[in-house]
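Here are my notes on the two-chain model you sent.

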Amino acid sequence: MHKEGNLYLQLFGVFAPLSLLSIGGGQSILADIQRQTVDVYHWVTQAQFVEYFAIARAAPGPGSLFSTLIGYHVGGWLGALVAAIGLFGPSSVLAYIVARVWRRHREKAWFQQAQRALAPLASGLILAGVLTVLRAATGGISIYIIAGIATAVFTRFEKMNPLPLLFAAGAIEGFLQHAG
Amino acid sequence: MTEPDPATPPHRAEAPPETAGSAAADIAAADIAAAPGAPDGIAAPGIPDGAASPGVLAGAAAPGVSHEPAAPAARSVTLMEIVSLFGRIGLTSFGGGLSAWLYREVVGRRQWIPEEDFLGALTMAQILPGANIINLAIYVGHRLRGALGATLAVLALLGPPMIVVILVTNAIQALPAGGWLHDFLEGVAASAIGLTAAMGLRTTRRAWVNGPWTLLLTIAIFAAVGVMQWPLIPVVLVLGVVGWLAARAKVKEEVTGA
């Protein structure tokens, strides 16, 4: 079913290099994860890949946990763990180093200015991410309507617990898709 | 000016009444931290029984005494609080958008970290490789409690949902009519987009105090990365320099104006 060699080493070998290439979040390496896990190693089928991606995105936790689903699928719990360490380990070490350097300069004037400059960039990137996720959504017009209403509600009631609304939206979408 | 004084009242001390009810269960399930309505500086009533830990006392008694990653809060955040918060975010953040969840808790509700600080780290987290939320968790954990804080934040954030997502997948594949659960999750994910969008709109509005250039910058990067889908890093580099120049001018203006 798979190529020769130790499965866990292969899992690590696929995900660890991609960890350092996943610039701008998980989206950028998606295509290559697909190529390697579906086409090269045949760990999952294309349909399974898409399904795992959708599940990981909707379930709690980071969407990039879908790599652990691939690891689990092919190598059980240990496979899941190895895939997670591979995908999250190298980038986390780098982030830690940057965080240390970042914090060391926090009292300096240029740093305060830089921080103030980065805030509006963060806002723009957050909104750009919204657009990207909307584009990738598989559902119909109801997805846009739900997202729009949720935006209005969360903007108006910024301290509310999001969970009731999230579950209500899930129930409505489930109902709509099965009633129609 | 940007490093907030613990004595400064939180910018959103006036909790809207409608939140008190809906947030009650949430807070009960969580630990202590920001009791609704209690001003930030007065942390004492909310401190749990375990408050006798040395970290808490040191943080309160001697703020800023070589306590490297000291939080701006009146007391330092305990490791248990970090584990509890990140574990909870990891397990409740249905539909993704974890940065928005973290922002709500760390900047909004508990006020462990000032907004500009958080957003600066968020931009860095986006530029660096790796999932944004994990990079952000490393920053927040490190800022609050150093290396151990960063490690625990990541483990608490990833471990529990990793188990859950595997169990959910098994459940979906075991169900004969798995379609319903799939559509439910789609709806959850769609409304979670709203959580992220609301965060983007809110931080855009807040940045306005620094001048209209902040809005121009936000629109420019949204257009470039979101609409045009240009590569992130060159766009951030160019607009980052533009923003830095604008921020510098603004700081100068404040100095001469005062």
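1. His42(A) lies in the loop between helix H2 (30-40) and H3 of chain A. Helices here are DSSP runs of H or I with at least four residues, strands are runs of E with at least two, and both are numbered from the N terminus. Phi of His42(A) is near 55°, a positive value in a residue other than glycine. His42(A) counts as exposed because 12 other C-beta atoms lie within 10 Å. The cut-offs are 20 or more such atoms within 10 Å for buried, 12 or fewer for exposed, and anything in between for partly exposed, with C-beta atoms placed from the backbone.

2. A word on provenance and numbering. This is a predicted model, where local features need pLDDT of at least 70, side-chain atom pairs count only at pLDDT 80 or more, and totals for chains, interfaces and linings use all residues. Residues are numbered from 1 along each chain as its sequence is written, while chains are lettered from A and ligands numbered from 1 in the order in which they are written.

3. Gln111(B) also deserves a look at its backbone. Its phi is positive, about 55°, although Gln111(B) is not a glycine. The residue sits in the loop between H4 and helix H5 (115-127) of chain B. Is Gln111(B) buried or exposed? Gln111(B) is buried, with 25 other C-beta atoms within 10 Å.

4. Next, the interface. 87 residues of chain A are in contact with 96 residues of chain B. Contact means that the C-beta atoms of two residues, placed from the backbone, lie within 7 Å. On the chain A side, the elements giving two or more residues are helices H1 (7-21), H3 (46-58), H4 (66-104), H5 (109-136), H6 (141-156) and H7 (163-179). H5(A) gives the most, with 23 residues. By class, this side of chain A has 54 nonpolar, 26 polar and 7 charged residues. Nonpolar covers Ala, Val, Leu, Ile, Met, Phe, Trp, Tyr, Cys and Pro; charged covers Asp, Glu, Lys and Arg; the others, Gly among them, are polar.

5. H3(A) packs against helix H7 (residues 179-207) of chain B at an angle of about 50°, with their axes 9 Å apart. Axes are lines fitted to C-alpha atoms, for helices over the stretch in contact, and angles run from 0 to 180 degrees between N-to-C directions. That angle makes H3(A) oblique to H7(B). Under 35 degrees would be roughly parallel, over 145 roughly antiparallel, and 65 to 115 roughly perpendicular; the rest is oblique. The crossing is left-handed, meaning that the near helix is turned anticlockwise from the far one by less than a right angle, with clockwise giving right-handed. Ile55(A), Arg57(A) and Ala58(A) meet Leu185(B), Glu186(B), Val188(B) and Ala189(B) here. The contact has 5 nonpolar, no polar and 2 charged residues.

6. Chain B as a whole has 9 helices and 0 strands. Of its 258 residues, 46% count as buried. Among contacts in chain B between residues at least 6 apart in sequence, 56% join residues at least 24 apart.

7. Which residues touch the most other members of the largest nonpolar core? They are Ala137(B), Ala153(B) and Ile221(B), in a core of 114 residues. Such a core is a set of buried Ala, Val, Leu, Ile, Met, Phe, Trp, Tyr and Cys residues joined through C-beta atoms within 7 Å. Helix H6 (residues 132-174) of chain B gives the largest share, 17 residues. Leaving out residues up to four places away in sequence, Ala137(B) touches Phe86(B), Ala153(B), Val154(B) and Leu157(B).

8. Within chain B, helix H3 (residues 79-92) and H6(B) pack at an angle of about 40°, with their axes 7 Å apart. Their crossing is right-handed. The contact divides into 17 nonpolar, 4 polar and 1 charged residues. Gly159(B) is found in H6 of chain B. It is partly exposed, with 17 other C-beta atoms within 10 Å. Gly159(B) and Gly90(B) are 69 residues apart in sequence, yet their C-alpha atoms are 8.2 Å apart.

9. Last, Tyr103(B), which is in helix H4 (residues 98-109) of chain B. Tyr103(B) counts as buried because it has 25 C-beta neighbours inside 10 Å. Beyond residues up to four places away in sequence, Tyr103(B) touches Gly108(B), Phe118(B) and Met199(B). Met199(B) is 96 residues away along the chain, with a C-alpha separation of 7.9 Å from Tyr103(B).
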